[in-house]
Amino acid sequence: MAQDGDECLRMTNFGMFLIKKHTRVIEMQKKYLQWVLYLAGLLVLLVASVILSLSVGEMNLGFMDVFSILSKGHESMEYTIVSQIRLPRVLLGIAVGGALSLSGILLQGVYRNPLVEPYTLGISGGASLGVAFVIVFGLHQLVGSFMLPAAGFAGSFLIIFLVYTISTRNGRVNIQTMLLTGVMVSFIASSSMMLLMATTSSENLHGIVFWIMGSLDEPDMSLIYITLALSICSLFASYLFVQPLNALRLGEEKAKHLGINTDTAIKLLFLLASLLAGVSVAVAGVIGFVGLIIPHLMRLLVGSDYRILLVTSFLSGSIFLVISDVIARTIISPNELPIGVITGIAGGIAFLLMMSRTSIRSLNKSR
Amino acid sequence: MSNILTIQNLNCGYPKFQLSDINFDIPKGSFAGIIGPNGSGKTTLFRAITGILPLKSGQIILSGKNLQSFSLRERAQNIAIVSQFIEAGDMSVEDYVLMGRIPYHSRFNFFETDEDFEIARKYMEMTDTWRFKDQLMSELSGGEQQLAGIARALAQQPQLLLLDEPTSHLDITHQVHILNVLQQLNQEMGLSVLMVIHDLNLASEYCDRLILVNQGKIHTQGIPEEVLTFQNIEDVYKTVVVTQNNPLSGKPAVFLASRKVLKEIQERLSKS
């Protein structure tokens, strides 16, 4: 009888074990399932925004017609508009929006500061200065259209290099010094640019201002492909740093306690983020706020785990920029607004709304 | 019995503060405490053991192996650290505890394994934090966060658990609760524990070995009865104390007296 009891107990224990094991599997899938849902949702949104962008403009096309136009004719005017004018903008929007947003989320992770964005560190200041320099001294007329992006890229990397060397001591980067240095160097760069602008002709001035305001209008198709390839490759590369980024949420010292080589990770992440922002600014000009707002919104939506945060930030940055571009080119059609204006105003308002909602919610919670 | 931690002729520190000639052993399965006044070098010693601070000379030996030869990852698999404050913000308690598995993951391991979840659950149940698993870390009280910190450290499956003043900002209920949890882990799992602790009475009650640090040097070390004498304490803390044994545990307990009381006693003594 006693044996029976033992047997019974053992069976129940085994049963409990199985149940435990089973519930664990279901729970585990819940977290990952949620991630898959976020991803799927954003991909659908991206496709929708691409179709919207391809069909809306000076000549409106039906959403469904876009496919047939693209698959059918090479001769029709619709085909030329969609493939030569709209598609390049969409591709550049995906590349630049994703790159800026990814750059923002990486920097926020490294600095553990949600207010850092690619431009805080002087990347845009440097790029603008480079471009202003080239325009003022007429160098772009000598070399060709490729000169402006190249100058922007060189300018931003010069600044990054400066910030990086100033804040490195004994082979270690001090994150706080770096942030302050970045802000200061950024000021110096933009003031120098003002100086150039104040002393140059009004014709050059127009060129500089136009470039600074940012646009997805890029005539050189190869440049668009390069940007797109680079930003997608960077997304994959950023996933190599998911572990350090996640550990850094606890702080630099605690990440080290978890076996993470934080010094190396911080340096490489900083370079990756700079590359992304530098390329974006060089090709599309200064498009502000994407790198600040989108990572922030994503954090509110999907949480702080970088495994899901990186890819969702990239995708939503792309979506945001593609839609902003649609607004920029249609709102005062046939004229076009600078896309930076749209991202700043629309993004800022959306952000404020979101913030006030969350603060009301947290107020209610604390009561 | 073999030693989990041996420190030999350790010298290290900052330009303005140096630890010098630190020597001590922690036998396997000990519950040891580092005590000493503010600014005596407790935290510096801790940072040296955790590898944050480079050594000037001397050796730190963990289970017979020089700690310098450990990679960061190996270090994290063998020594787990619970800090005084846990800033984990907006992650769930379970996600936080799962971070203790990072030292066992390769760079390309994006998802936790079933084993990771099992281990996290085991230690969360042991520290009584399983019931909070889906709450955010920021929603927990200080004591609960500290328990989650211990669960995270245990998930690293270390040989040695280091704690930096785990109870200093907690009320007595939580102080005793956390130390009891540590005591239980120490006794049931044989886990070696080394903690920096400010409260001398708690140190006496829970630790089987104490290291009294003063001005960057070890003043005294040994069992609580040897270390917590009124002479040692007055010498190091420059404060008049009375020591007596706790009536329940028999361990030394330290009593303080106000200046007023001391004055009255002095007057009484001079009269008689």
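Start by selecting A:Gly109 and the residues it touches: leaving out residues up to four places away in sequence, these are A:Leu245, A:Leu248 and A:Tyr306. Touching, or being in contact, means that the C-beta atoms, placed from the backbone, lie within 7 Å. A quick note before you click on: this is a predicted model, where local features need pLDDT of at least 70 and side-chain atom pairs count only at pLDDT 80 or more, while totals for chains, interfaces and linings use all residues. Residues are numbered from 1 along each chain as its sequence is written, and chains are lettered from A and ligands numbered from 1 in the order in which they are written.

Is A:Gly109 buried or exposed? It is buried, because 28 other C-beta atoms lie within 10 Å (buried takes 20 or more such atoms within 10 Å, exposed 12 or fewer, partly exposed in between, with C-beta atoms placed from the backbone). Colour helix H3 of chain A, residues 77–111, and you'll find A:Gly109 in it. Helices (H or I, at least four residues) and strands (E, at least two) are DSSP runs, numbered from the N terminus.

Next, hop to chain B and pick out the open sheet of 4 strands, E2-E1-E4-E5, with antiparallel pairing. Strands pair if DSSP finds at least two bridges between them. At the edges, pairing on one side only, sit E2 (17–27) and E5 (65–66) of chain B. Helix H1 (residues 42–49) of chain B packs on this sheet, touching E1 (3–14), E2 and E4, and its direction makes about 65° with that of E2(B). Axes here are lines fitted to C-alpha atoms, for helices over the stretch in contact, and angles run from 0 to 180 degrees between N-to-C directions.

Zoom in on E1(B) and E2(B): they form a hairpin with 2 residues between them and pair over 8 bridges. Click B:Leu5 and look across to B:Ile26, its bridge partner in E2(B). E1(B) also pairs with E4(B), over 6 bridges, and there B:Ile7 stands opposite B:Ile60.

Last stop: select the 6 strands E6-E7-E8-E3-E9-E10 of chain B, an open sheet with mixed pairing. Its edge strands are E6 (79–82) and E10 (217–222). Look for E3 (residues 31–35) and E9 (residues 209–214) of chain B, which run parallel over 4 bridges, with B:Ile34 opposite B:Ile211.

Methods:
Contact = placed C-beta atoms within 7 Å.
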